[in-house]
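Dear colleague,

I am handing over the structure below, together with some notes on what was found in it. Please read the notes with the model open beside them.

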Amino acid sequence: MEAASRTFWSFDSLLLTCSILVIFSIIIVDAEISDNKTIGRGPKAYRSLYERKEQDASSAALMFNDNEKDIDIIATYSDASGTIRTSRVKMKDLSASWVLENPINGDLNKRKGSQVLKLKDSYQASTSFEENVEHVIDDHQLQESEIQNHRQTSWSPVKFKRQVLRQKRRDLRTAELVRQDKEADKQMQATAAIEYLKNMDTVVKGKYSIWRRDFENPNSDSTLKLMRDQIIMAKVYANIAKSKNRSVLYNSLLKHVEENLRVIGEANSDVDLHPSSLDRAKAMGHTLSIAKDELYDCHTVARKLRAMLLSAEDNVGSLKKRSAFLIQLAAKTVPKPLHCLPLQLAADYFIYGYQNKKDLNKEKLEDPSLYHYAIFSDNVLATSVVVNSTVLHANEPEKHVFHIVTDKLNFAAMKMWFILNAPEKATVQVENIDDFKWLNSSYCSVLRQLESVRIKEYYFKANHPSSLSVGSDHLKYRNPKYLSMLNHLRFYLPEVYPKLSKILFLDDDIVVQKDLTPLWDVDLQEMVNGAVETCKESFHRFDKYLNFTNPKIIENFDPNACGWAFGMNIFDLKEWKKRNITAIYHRWQDMNEDRTLWKLGTLPPGLITFYNLTYPLDRKWHVLGLGYDPALNQTEIENAAVIHYNGNYKPWLDLAVAKYKSYWSKYVKFDNYYLQLCNISE
């Protein structure tokens, strides 16, 4: 009985389990059928809307236009706290970005019953979060066959626009990558070219001179080089042949040398050579081959070449000295037009009786409240440029007074020029240095030295031991102008202008480009001389001008002291008198009578006289070097208050640096009668 009961219980349990499984399966199948019905009805329900989309794709709102019935939507969502919430909204309240995932074919107005559809926000399609909205539609009469309707792909204008934008971004990105690739290729090519140039040998074989314009052609003067080398070797073998009495070979070599020299002439490249030059080179080569077979000896040839090298070096040194002498001669020689100008002016000065004319505005000449300039020169044209350029840039020209001192030979011409060409409003005084009776040999060291026999021999006798053979360094100091009183008068300014307190000294080879009156307001801090320093690193320091092997120089001066320039200097004459500057100058000038302390000139004694008494001015006041340096900074020249043509290449000479000449010539009145009479033109 107990066994039967256990069997019955087992059977009941099995039956119960099977029943549960069957019920669970039915539920699952029913749910799947319900889902399939919903999916099947989707394309059919919104088929008419999809067809309308094909006709007008301008807006997503066409899916639910104003003529259609508005649809209630129950939205299910979770808030920030995670709580499930529902909300009822209208279809018209949704933005155009909401689209039906599976629209049903057909007109919504003709549908009845209820149906569940899904809406999706197209802006959030790419994110992990997705909101689903269920839409309930009453429709109990939908047929089962609607499940099998064809599913259509969803569409929206916004989605289409996003696809277009994505395509544009792809195109732009592609173009950018192509551009970057091209730039990378160009950079690689440039790097390769630079590396190639670094490794390239710049010494071109067969080239005689790599600095000429025909450098791009490595063999442009190979024939010329060959012929010149042949001439050198022919001279060597000719000397050897002469020493060994080989007269036939000697004469043949000399003949070929003369012919080759005649063919070469002034040629600088193969293009300039005579057409027969190659034949001459072949003939010379044949003769040299014979000479080499008969006369070649290594030691003898080396000795002859060494002798020729020494002879060539001596010739170069001699030519350098001659060149230096000729440059000095050209720089110091007065051109014919400039010589004509003072002659014409002086003649008219006496013809028209201007020597009897008295100076006007004498009260201005000694008024310390005005701006006074000192110019000591024998060059009429150069002095006129200094005065014209200064007055042109002066803010108050009526307050400017120019004191010009010249020699007896040029006094009449200088006077005549400024009588006829007086600057507007400014005052000009012209004086003769010979009228300064106090300036004599008993007072002035330079005048006393000029009476020395040794000085006269040094300056005025060409056969003196210290002539051209000494070297080109001392040639310029052999010019007598370095002992001219017009140059040394700058050391006597308080004696020349005793009633003035300040004066601006100007050389005659300068050009003024700005108003100079602010210089009178510069505080010199109890210094006597205001000047622009010229030292740059080790250049233009005291050891360049003074002889520091002399004990007197070593004991009193620093070899590294910075030099300064004459040409534009503001002098405090009150402080000058207080420190007795002229006496300091006399003492050192007397000690240098044998010219062992410094080279001749006015700058070395100026450096000594105003040592520790010079106030450095800003460099913009005075730019130097236009008379010798063609590589000056153009901006510095144009911004300078005064530019100085110190050196041999004065702007009124043919030697002048062409690019600097216009700064000077624009202040010359070339339409002046006397300038045209003497053929002085730009």
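**Disulfides, sheet and cores**

Searching the whole structure for disulfides, meaning pairs of cysteine sulfur atoms within 2.5 Å, turns up 2 of them. Please keep in mind that this is a predicted model, in which local features need pLDDT of at least 70 and side-chain atom pairs count only at pLDDT 80 or more, while totals for chains, interfaces and linings use all residues. Residues are numbered from 1 along each chain as its sequence is written, and side-chain values use heavy atoms, with hydrogens and water left out.

Cys-340 lies in helix α8 (residues 336–351) and Cys-678 in the segment after α23 (673–677), so the pair ties together parts that are 338 residues apart in sequence. Helices (H or I, at least four residues) and strands (E, at least two) are DSSP runs here, numbered from the N terminus. Cys-678 is buried, at a relative accessible area of 4%, where buried means under 20% relative accessible area, exposed over 50%, and partly exposed in between (1.4 Å probe, protein chains only).

A disulfide also joins Cys-535 to Cys-562, at 1.7 Å from S to S, and with -100° about the S-S bond this link is left-handed. Cys-535 sits in the loop between β11 (529–531) and α16 (542–545), and Cys-562 in the loop between α17 (551–556) and β12 (568–572), 27 residues apart. Cys-535 is buried at 10% relative accessibility, and Cys-562 is buried at 18%. With the bonded cysteines of the chain numbered in sequence order, the pairing reads 1-4, 2-3.

Turning to the sheet, 7 strands form an open sheet with mixed pairing, in the order β8-β7-β6-β9-β12-β11-β13, where two strands pair if DSSP finds at least two bridges between them. Its edge strands are β8 and β13 (614–616), each of which pairs on one side only. Within the sheet, β11 and β12 run antiparallel and are joined by 2 bridges, and Gly-530 stands opposite Ile-570 in β12. Helix α10 (residues 380–393) lies across β6 (371–376), β7 (400–406), β8 and β9 (502–506), running at about 175° to β7; axes are lines fitted to C-alpha atoms, for helices over the stretch in contact, and angles run from 0 to 180 degrees between N-to-C directions.

The largest nonpolar core has 64 residues, and those with the most contacts inside it are Leu-341, Leu-504, Leu-516 and Leu-519. Such a core is a set of buried Ala, Val, Leu, Ile, Met, Phe, Trp, Tyr and Cys residues joined through side-chain atoms within 4.5 Å. Leaving aside residues up to four places away in sequence, Leu-341 touches Val-380, Leu-381, Trp-417, Tyr-674, Leu-675, Cys-678 and Ile-680, a contact being heavy atoms within 4.5 Å.

Finally, two loop residues deserve a look. Asn-245, in the loop between α4 (222–243) and α5 (247–264), has a positive phi near 60° and is exposed, with a relative accessible area of 68%. Lys-425, in the loop between α11 (411–420) and β8 (427–432), has a positive phi near 75° and counts as exposed at 53% relative accessibility. Most residues other than glycine have a negative phi.

With best wishes
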